[in-house]
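I open this notebook page to record what I looked up in the structure. The entries follow in the order in which I made them.

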Amino acid sequence: MLRLQRNRDNSSAKSTEFPFLHPQSLEKVAGILRLKGTAFIYKHSSRCSASLFAMKRLFAVDPREYERWIYIDVVAQRSLSLAVAEELNVWHESPQLIMLVDGKVMAHCSHDRVSETTVEEWRKELKNQRTKNVQVR
C-alpha cells in the first residue's frame, strides 16, 4: 500500500493509506479483472509531472470498500502497462485512469481528467445505469 498525505480542507494533513493493489504480472491483473465489481486502474509515470499532479488529485478520492484500485508504474512495469493496454483495447497514456465494471471498460481518461471529480462522475453514471437496468426489468 502507498503511504500518502491527504489534505482535503487545507488545514491539517493526515496520513492514510490508499488501497492500491500492485500486480506484478498480467496474470495477476487478469485475475483481478475476472472478479465481479468495480475496479480502477491507475497508470503512473514517475518521470512525468502530469502524473505527479494526477496522483495528488486521486489522493482526494474516498475509495469505497467494494472497489479495487490497481496501480501500474509505466516506467518500472512498461511491458505490463502495454499488455494491459492491449488486453483492454485502451490506448496507453499516462497518467491514465481506467474504470472497469465486471471486467469491462466503462470509462477511461488521461492527464488533467484523472481526478476526484472524474471518479465521482463515473460513479454517478454507473449508479444511474444500474437504476435504469433495475427499472427496465
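Is asparagine 89 buried or exposed? I worked from a predicted model, in which local features need pLDDT of at least 70 and side-chain atom pairs count only at pLDDT 80 or more, while totals for chains, interfaces and linings use all residues. Residues are numbered from 1 along each chain as its sequence is written, and side-chain values use heavy atoms, with hydrogens and water left out.

Entry on backbone angles. I found asparagine 89 exposed, at a relative accessible area of 72% (buried means under 20%, exposed over 50%, partly exposed in between, with a 1.4 Å probe and protein chains only). Asparagine 89 has a positive phi of about 60° without being a glycine. It lies in the loop between H3 and E6 (helices are DSSP runs of H or I with at least four residues, strands runs of E with at least two, numbered from the N terminus). I also noted histidine 111, another non-glycine residue with a positive phi, about 55°. Histidine 111 is partly exposed, at 33% relative accessibility.

Entry on the cis bond. I located a cis peptide bond between serine 94 and proline 95, with omega about -5°. Proline 95 sits in the loop between helix H3 (78-88) and E6. Most peptide bonds are trans.

Entry on the sheet. I read an open sheet of five strands in the order E3-E5-E4-E6-E7, with mixed pairing (strands pair if DSSP finds at least two bridges between them). Strand E3 (20-21) and strand E7 (104-110) are at the edges with a single partner strand each, so one side of each lacks a neighbour in the sheet.
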